Every structure is written in C-alpha cells, then in structure tokens.
Amino acid sequence: MLFTAFIANKYQPDAASLIYDADKMEAPEIPVDNPQTVQGVSLGRLLFYDTTLSINNKQSCGSCHTQALSFTDGKKLAIGTHSDTIDRNSMSLVNMAWSKDFFWDGRVKNLEDLMQHPISNAKEMAKDSVLLIQELKTHQYYPTLFAKAFPEEAISVATLSKALAQFVRSIVTKGPQLPDSLQPAAFFIYADTIKAEEELKLATLTGSYLRLGKMCTPCHTMESVGGEFMANNMIDKNQTELFKVPTLINVLSTAPYMHDGRFKTAKEIFNHYDKNINQFHKVNKHLGLDSIPNTFTRFDREHFEELLQLFTDSNIIKNEAFANPFKQKEFSWESLVKE
Ligand code: HEC
Ligand code: HEC
C-alpha cells in the first residue's frame with residue numbers, strides 16, 4: 001500500500017525526518033513542542049486533503065494548494081469555498097520549514113499559528129473551529145489517529161494545527177534538478193565567486209544561468225530558492241511595501257505570479273526585472289543590497305522560459321508522499337488505524 005510505503009520509507013519519527021541536502025542547507029528550526037513524527041505527518045496529510053475542514057465540504061487545503069501545480073492553484077486570485085474571491089494569489093508550500101515570515105505580507109510568524117487563518121476565514125474555508133473539533137472527535141478514524149500522533153494531548157485546534165504544520169513542513173525540495181551540462185556550475189555557488197566575466201557573456205543557457213545567479217540570488221537564495229524573507233521588487237511604481245520572496249522551484253507551474261497574480265507569463269516577469277532590477281538596492285535598504293547591475297542579454301530574453309524551466313523539481317509534483325491519499329486506490333483508513 002502506497003501510504004504505508006510512504007510512512008515506512010520516507011520518515012523517521014524525529015526532527016530529522018525532513019529530507020534535505022545538508023551540504024547546501026542549514027537544519028530548519030522545528031518548534032520543540034511539535035517535532036516531525038511519522039504519525040503526525042500522515043495525520044496532517046489526511047487533514048490537508050479533507051474537505052471536512054470547509055463549512056460546505058467543498059474545499060480542502062489541497063483545493064488551493066494543488067500538488068500538480070507545486071501547491072498553487074493556477075488562479076490569479078484564490079477562490080474560497082463559497083466562491084468568494086480572496087485578494088491574494090495562492091502561495092506555493094515548498095520549503096516552509098525554513099520560512100520565518102508567512103503569507104505575502106509576512107504577517108504570521110509561525111506555521112502552527114497560520115493554520116486557523118484559512119480554516120476560519122469567512123472567505124476561505126469558513127469553518128467554525130468548535131464545530132470542526134466536534135466533528136473530528138466523533139469521526140470514524142480521526143480520534144485514533146490523533147491519539148497516535150499526540151498521545152498526551154486531546155483533539156483541539158492546537159493538535160489540528162500541529163499535524164497540518166508537520167505535513168506542510170515535510171514538503172521539501174532539494175533544489176532544482178539541473179541537467180548535467182550545468183553541473184557543477186551550480187549558479188548559486190558561482191553567484192558569489194564569479195570572476196570570469198566572459199563566462200557571463202556566454203550566449204548559452206549556462207551563461208544565462210550564471211547571470212541569474214548574480215541578479216536573482218540576493219533574494220531568491222539557494223537554500224530555499226526564495227521564501228526566507230521580505231523584500232520589495234518594485235512591481236508598483238513608488239512601492240514601499242515588502243512582500244515575501246516566493247520560491248522559484250517549479251516556477252513554470254505556479255503562474256499567475258506575484259501576490260496579486262498580475263503576471264501570467266515568463267515574458268512579463270523578464271520585462272519587469274529587466275526594467276527595474278538595477279533600482280532594487282535603493283528600495284531594499286533593510287537587506288543591505290549592493291546595486292544589482294542588469295546584465296541580461298538578448299539571449300536571456302529569448303530563452304527566459306527555458307531558463308525558468310531549470311528550476312523544476314518534479315519530486316514535489318510527483319512524490320506520492322505529498323499526494324491526496326483519498327484519491328489513491330489503496331487508501332483505507334482501517335489499515336491506518338491498525339498500524
Ligand atoms: C481558498 C484557497 C485557500 C485555501 C482553502 C487554503 N489556502 Fe493556503 N493560501 C491561500 C492564499 C491566497 C495564500 C496567501 C494569503 C495571504 O498572503 O494573505 C495562502 C497562503 C498559505 C501559506 C503561507 C505560505 C507562505 O509562503 O507564507 C500556507 C502555509 C498555507 N496557505 C497553508 C494552507 C493550509 C494548511 C490550508 C488548509 C488548512 C490552506 N492553506 C487552505 C489560499 C488558500
Ligand atoms: C530584491 C529582491 C528580489 C530580487 C533581486 C529578485 N526578486 Fe523575484 N521576487 C521578489 C519578491 C519580493 C517577490 C514577490 C513580489 C510580490 O508578490 O509582489 C518576487 C517574485 C518573483 C516571482 C513570482 C513567483 C511567484 O510564484 O509568484 C518570480 C518568477 C521572480 N520573482 C523571479 C525573479 C528573477 C528571475 C529574478 C532575477 C532576475 C528575481 N526574481 C530577482 C524579490 C526579488
């Protein structure tokens with residue numbers, strides 16, 4: 001059974017259960033009162049895909065965070081369970097374990113605290129938490145699964161949030177899957193040490209990749225390829241607001257782009273950065289950025305989509321461990337309870 005395989009093969013019941021490349025990334029800070037466990041992650045996965053979390057049983061977290069779209073929804077602005085339009089674009093959930101600011105405006109600082117927002121927000125899932133906890137307590141299998149995941153605690157908003165946070169933290173990328181031709185020219189390493197300016201001028205994808213290293217990694221860093229802090233990328237004239245730097249992993253699957261979904265295509269992204277990037281140091285004083293010279297070439301413009309394709313990590317999109325268990329033929333709650 002796939003679900004069991006995921007439990008047996010992928011996770012260990014300790015904080016080390018997040019699989020990441022320790023050569024490139026520091027260990028994430030996991031809250032001491034919510035360590036990753038096999039039971040917590042698998043319970044969180046069920047809850048993430050369970051439409052019981054919305055008032056009319058129409059939406060789960062997975063409705064707006066679809067695995068096939070790298071946990072986004074393909075819409076300009078998100079649509080809630082009563083068909084209300086939300087004023088923000090759905091965000092990717094890759095590498096949340098390393099994030100310190102959540103939501104586009106960074107207003108939430110901790111993943112457990114975030115969980116109640118989409119569930120109880122009247123425009124999103126609109127579910128009353130007292131009612132939800134009541135339903136979980138009298139559910140066919142959740143009481144057993146919560147008891148396994150949190151043996152010392154009752155079913156509550158706190159344990160529900162903990163389980164969801166554990167599942168979300170398990171969605172980890174090891175970084176872009178680069179073709180051999182770009183190994184070991186890992187652009188993030190080069191980014192700091194590029195000496196050979198002639199390499200930057202190369203009219204090849206490698207050359208473009210190295211140029212992106214110079215221009216984009218001040219914000220979209222390798223560790224999570226984004227998602228770590230807040231910055232101003234000047235999508236509005238005279239903008240002073242900061243927005244969360246989103247991940248570039250699977251960026252071709254996460255359109256439309258930016259907090260309000262204003263850009264649809266790689267071309268629009270290119271045009272925006274081409275025009276504005278050399279002003280970024282002025283509006284990001286909090287980051288202490290040096291000026292970012294625009295070194296884009298015509299080749300980069302013509303191959304920009306191909307370039308963004310390099311940020312693909314198909315493991316995020318295909319890994320059964322992140323998939324909707326209710327859609328898997330092998331899913332049976334009886335076997336979960338037995339384990
Ligand atoms: C109606 C669509 C919708 C549903 C349902 C939904 N989300 Fe979201 N999610 C969004 C939007 C839109 C944002 C950005 C919100 C903002 O910035 O104010 C977001 C942001 C997030 C973030 C922050 C990501 C980051 O990088 O800061 C996390 C984590 C998250 N959602 C998890 C969940 C979980 C877990 C659930 C289920 C309990 C859920 N979402 C349900 C649309 C949705
Ligand atoms: C000063 C920091 C900074 C730099 C440098 C930067 N970005 Fe961004 N980027 C951001 C921020 C902040 C956002 C989100 C802005 C918003 O939503 O309003 C963003 C959003 C994006 C998005 C949208 C992703 C999504 O899922 O919505 C893409 C694509 C992107 N940047 C690509 C790039 C590329 C390519 C470069 C280099 C040419 C680059 N960025 C350089 C800060 C930066």
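Let's start where two helices meet: the axes of α2 and α8 come within 7 Å of each other and cross at roughly 95°. (Axes here are lines fitted to C-alpha atoms, for helices over the stretch in contact, and angles run from 0 to 180 degrees between N-to-C directions.) So α2 and α8 are roughly perpendicular to each other. That label goes to angles of 65 to 115 degrees, while angles under 35 count as roughly parallel, those over 145 as roughly antiparallel, and the rest as oblique.

Before going on, a word on what you're looking at: this is a predicted model, in which local features need pLDDT of at least 70 and side-chain atom pairs count only at pLDDT 80 or more, while totals for chains, interfaces and linings use all residues. Residues are numbered from 1 along each chain as its sequence is written, and chains are lettered from A and ligands numbered from 1 in the order in which they are written.

Back to the crossing. On the α2 side you'll find G40, V41, L43, G44, R45, L47 and F48, and they meet L160, K162, A163, L164, Q166 and F167 of α8. Sorted by class, the residues of this contact are eight nonpolar, three polar and two charged. Here Ala, Val, Leu, Ile, Met, Phe, Trp, Tyr, Cys and Pro count as nonpolar, Asp, Glu, Lys and Arg as charged, and the others, Gly among them, as polar. Being in contact has its own cut-off: the C-beta atoms of two residues, placed from the backbone, lie within 7 Å.

Now look at α8 by itself. This helix runs over residues 157-169, and its 13 residues reach 18 Å from the first C-alpha to the last, close to the 18 Å expected at 1.5 Å a residue. (The expected span is 1.5 Å times one less than the number of residues.) How much of α8 is covered? Most of it: eleven of the 13 residues are buried. A residue is buried if 20 or more other C-beta atoms lie within 10 Å of its own, exposed if 12 or fewer, and partly exposed in between, with C-beta atoms placed from the backbone. The cover over the buried residues of α8 includes α2 (38-48), α4 (111-114), α5 (116-120), α6 (129-137) and α7 (142-149).

Zoom out for a moment. The secondary structure of the protein comes to 17 helices and two strands, where helices (H or I, at least four residues) and strands (E, at least two) are DSSP runs, numbered from the N terminus. Of the 339 residues in the protein, 37% are buried. Among contacts between residues at least 6 apart in sequence, 64% join residues at least 24 apart.

The largest share, three residues, comes from α3. Of the 29 residues around ligand 1, C61, C64, F103, W104 and P118 come nearest. (A residue is near a molecule or strand if its C-beta atom, placed from the backbone, lies within 6 Å of it.) By class, the shell around ligand 1 has 19 nonpolar, seven polar and three charged residues.

With 14 C-beta neighbours inside 10 Å, F103 counts as partly exposed.

M234, in the loop between β1 (230-231) and β2, has a positive phi of about 55° although it is not a glycine. In the loop between β2 (243-244) and α12 sits P256, joined to A255 by a cis peptide bond with omega about -10°. Finally, A203 lies in the loop between α10 (197-201) and α11. Leaving aside neighbours within four places in sequence, A203 is in contact with T297 and F299. The C-alpha atoms of A203 and F299 are separated by 6.0 Å, although these residues are 96 apart along the chain.

Technical notes:
The expected span of a helix is 1.5 Å times one less than its number of residues.
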